[in-house]
Amino acid sequence: MSLPRDIRAFLSHYHGQADDAQASDNLLFYQNRLRCQPDDLLISEIHESWRKDYIQLEYNHGYIQWLFPIQETGMNFEAQALQPHEAAAMKDDSVVIERIKASYELMLDFYGMRLLDVETGLLGRSEGYAARYKNLMQAPHNNLRITRIFKCLSEMGLEHLNAGFLLHVLNEQSEHKQLKTRLLKDSMDKWWANCLRNEAEREWIGLTIKKSRNGDIFSREQYEASLKRRKELGSFADPQCANP
């Protein structure tokens, strides 16, 4: 399967793109020193007031570029593309990284999920997940948002969280017959599963998804064990198996 152009750019670390040293809106926003537009809110205010505000999170299309900046433009022309110098500064700021994690958890709840272990990326279902899963399947523009979230987490040194999300969704599809719409699976297979710059993890997850699509069951037990193995051994590959 050939990779989409935006994924190729992402995997190349946006090779050849210039860094605008004068542009720092994303850094300032995550330092709580700049209000996002057009909503005119600080990041702390979004975290405080938007949790479980599912109408706002679904129908407001201006915030996602501010919460998850990447080195690509989007539909909100009042948001700035992430600059490499911003990404470096944000990664080195522990307060910013905690806010990025809070943004991720905000969106996880919107999608019917919750973060159980920030070190491994393990997810579970949130309270009231069924309605949120239904919304995710019926509003496919969220598939694009999730691609952006994954790219941003990778830029911020939090790429390990991407696999936790991917494998949670795979388990839901495989074992529980949830989140199985054609559009969602297409986004997952072509975009989400390739938003991993770690080549070994990308290959392992791609193969695991392929096996599931061909009928193998990817159980909750396998999901939890794979994340535990990566944490302990540094790799998803099971050293006791000939195949990953």
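**Close-up views of a predicted model**

**Figure 1. The loop between α1 and α2, with H13.** H13 lies in the loop that runs between α1 and α2, in a model that is predicted. Although H13 is not a glycine, it has a positive phi of about 60 degrees. Most residues other than glycine have a negative phi, and most peptide bonds are trans.

Figure 2. With a relative accessible area of 23%, N32 is partly exposed. P38 lies in the loop between α2 and α3 (43-49), and the peptide bond that joins Q37 and P38 is cis, with an omega of about 15 degrees.

Figure 3. I7 lies in helix α1, which covers residues 5-11, and is buried, with a relative accessible area of 0%. If residues up to four places away in sequence are not counted, I7 touches K151, K190, W191, N194 and C195. I7 and L42 are 35 residues apart in sequence, and from C-alpha to C-alpha they are 30 Å apart in space.

**Figure 4. The buried face of helix α6.** Which residues are buried in helix α6? In this helix, residues 84-91, the buried residues are E86, A87 and M90. Seen down the axis of α6, these buried residues fall within an arc of 100 degrees, so they line one face of the helix. An α-helix has 3.6 residues a turn, so residues three or four places apart point the same way. The cover over the buried residues of α6 includes α2 (25-30) and α7 (94-110).

**Figure 5. The largest pocket and its lining.** About 570 Å³ of space lies in the largest pocket. The elements that give two or more residues to the lining of this pocket are α5 (64-67), α9 (141-155) and α11 (182-190), and the largest share, seven residues, comes from α9. The lining has 22 residues in total, and those that lie nearest the centre of the pocket are M75, H141, L144, R145 and R148. By class, the lining of the largest pocket divides into seven nonpolar, nine polar and six charged residues.

**Figure 6. The largest cavity.** Rolling a probe the size of a water molecule over the atoms shows where empty space is left. A search of the whole structure finds one cavity of 30 Å³ or more, and about 30 Å³ of space lies in the largest cavity. The residues that line the largest cavity are Q65, E72, T73, G74, A79, Q80, A81 and R148, and by class they are two nonpolar, four polar and two charged residues. R148 is also among the residues nearest the centre of the largest pocket.

**Figure 7. The whole protein, as a setting for the close-up views.** The protein has 13 helices and two strands, and its C-alpha trace spans about 50 × 40 × 30 Å along the principal axes. For 244 residues, a compact globule would have a radius of gyration near 18 Å, and the protein has 18 Å, which agrees. Of the 244 residues, 50% count as buried. Among contacts in the protein with a separation of 6 or more, 68% are accounted for by residues 24 or more positions apart.

Technical notes
Residues numbered from 1 in each chain as written. Predicted model: local features only at pLDDT ≥ 70, side-chain atom pairs only at ≥ 80, totals over all residues. Heavy atoms only, no water. 1 Å grid on protein atoms, 1.4 Å probe; cavity = no way out; pocket = protein on both sides within 12 Å on 5 of 7 lines; lining within 4 Å. Points joined across faces, edges and corners; volume = space filled by probe spheres on them. Helix = DSSP H or I, 4+ residues; strand = E, 2+ residues; numbered from the N terminus. Nonpolar A, V, L, I, M, F, W, Y, C, P; charged D, E, K, R; others polar. Buried < 20%, exposed > 50% of the residue type's maximum accessible area, 1.4 Å probe, protein only. Arc of directions from axis to C-beta. Contact = heavy atoms within 4.5 Å. Rg over C-alpha atoms; globule rule 2.2 N^0.38 Å.
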